[in-house]
Amino acid sequence: NQALTIKSLRKTYGNGFEALKGIDLNVNEGDFFALLGPNGAGKSTAIGVVSTLVQKTSGYVDVFGHNLDKNMTQAKRLLGVVPQEFNFNQFEKVKDVVMTQAGYYGIPARDARQRSEKYLKQLGLWDKRNTMSRMLSGGMKRRLMIARALIHNPKLLILDEPTAGVDIELRRSLWEFVQEINEQGTTIILTTHYLEEAEQLCRSVGIIDKGEIVESTSIKKLLSQL
Ligand code: ADP
Ligand code: ADP
């Protein structure tokens with residue numbers, strides 16, 4: 001089964017810049033996949049299209065067989081996305097950021113509270129639950145974004161450069177957390193420009209450069225070629 005299928009995806013921005021030149025990408029259910037490429041390669045654009053924050057120019061995106069155009073509601077239920085920008089309401093308390101998101105998905109309050117508590121605890125944010133979210137450190141805001149993205153139990157979690165600007169120690173604990181989520185059955189896709197991050201975490205890798213996928217393979221095969 002495929003968690004994510006991308007076919008002939010193109011994105012040309014309003015200024016005429018071709019950020020994605022018709023990419024194909026297949027990510028299997030249960031995989032831990034790295035979209036690896038230098039700054040400006042088109043990673044955030046691709047994530048943006050999948051999360052519907054960026055409007056594609058042409059092409060197809062399926063999430064667990066649900067087409068993003070035809071069955072957007074079903075597709076989005078199965079998808080959790082952590083973009084790079086902190087796009088939560090900074091004037092909500094930490095717990096409310098997560099609970100508001102639960103409300104969007106119609107999750108019953110009791111379940112929402114349980115899941116919120118579970119993820120805030122696992123991400124080291126439980127003590128901060130009543131803090132105004134804008135007061136959090138950058139690393140904490142990143143973790144709040146992750147807790148929020150998980151509240152509806154998505155089957156596919158996509159993280160856009162989750163460790164950008166996060167110090168080494170925190171990076172390790174974030175990696176461990178995401179690995180655990182993957183071991184529990186959630187498919188993970190992360191974008192990174194560090195081969196080392198892809199190598200240590202992921203099983204599969206797609207390499208993107210200048211809006212094109214130049215390689216899609218297992219980490220093992222990639223490393224054996226280097
Ligand atoms: P990455 O995430 O791999 O760093 P991005 O997807 O953010 O790459 O950007 C890919 C390219 O598209 C870059 O050259 C970037 O400058 C350009 N780009 C991104 N957003 C816009 C925009 N809104 N308008 C025009 N160009 C953009
Ligand atoms: P920074 O200011 O560098 O962004 P934070 O203030 O966000 O760091 O980190 C606060 C503390 O929370 C750190 O000591 C870190 O070790 C801890 N922490 C980070 N991630 C987790 C996690 N997934 N689970 C538990 N504790 C964590």
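Predicted model: local features only at pLDDT ≥ 70, side-chain atom pairs only at ≥ 80, totals over all residues.
Four strands make up an open sheet, and they run in the order E2-E1-E4-E5. The pairing is antiparallel. Two strands sit at the edges: E2, residues 18-28, and E5, residues 66-67. Each of these edge strands pairs on one side only. Look next at E1, which spans residues 2-12. E1 pairs with E2 in the antiparallel sense, over eight bridges.

Now move to ligand 1. Which residues are around ligand 1? One part of the shell consists of Tyr-13, Asn-15, Phe-17 and Ala-19. The shell also includes Pro-38, Asn-39, Gly-40, Ala-41, Gly-42, Lys-43, Ser-44 and Thr-45. Helix H1, residues 43-50, provides the largest share of this shell, with three residues. By class, the shell has five nonpolar, six polar and one charged residues.

A polar side-chain atom of Tyr-13 is 3.5 Å from a nitrogen atom of ligand 1. The backbone takes part as well. A polar backbone atom of Ser-44 lies 2.7 Å from an oxygen atom of ligand 1. For Ala-41, a polar backbone atom lies 3.1 Å from an oxygen atom of the ligand. On its own, ligand 1 has 560 Å² of accessible area, and the protein covers 64% of that.

Ligand 2 comes next. Around ligand 2 are Gln-122, Leu-123, Gly-124, Ser-137, Gly-139, Met-140, Arg-143, Asp-167, Leu-170 and Ser-173. These residues divide into three nonpolar, five polar and two charged.

Which side chain has an N or O atom 2.8 Å from an oxygen atom of ligand 2? That side chain belongs to Asp-167. Ser-137 also uses its side chain: one of its polar atoms there lies 2.9 Å from an oxygen atom of the ligand. Met-140 works through its backbone, where a polar atom is 3.1 Å from an oxygen atom of ligand 2. The protein covers 59% of the 570 Å² of accessible area that ligand 2 has on its own. Two elements each give two or more residues to this shell: helix H5, residues 138-150, and helix H6, residues 168-183. The largest share, three residues, comes from H5.

The largest pocket has a volume of about 400 Å³. Its lining counts 15 residues. Which of them are closest to the centre of the pocket? They are Ser-51, Lys-76, Val-81, Gln-101 and Tyr-105. The lining divides into seven nonpolar, six polar and two charged residues.

One element links two of these sites.

Notes. Residues numbered from 1 in each chain as written. Chains lettered and ligands numbered in written order. Heavy atoms only, no water. Near = heavy atom within 4 Å. Polar contact = N/O pair within 3.5 Å; in protein donor to acceptor, adjacent residues only side chain to side chain. Areas by Shrake-Rupley, 256 points an atom, 1.4 Å probe, with all protein chains shown as cover. Nonpolar A, V, L, I, M, F, W, Y, C, P; charged D, E, K, R; others polar. 1 Å grid on protein atoms, 1.4 Å probe; cavity = no way out; pocket = protein on both sides within 12 Å on 5 of 7 lines; lining within 4 Å. Points joined across faces, edges and corners; volume = space filled by probe spheres on them. Pairing = 2+ DSSP bridges.
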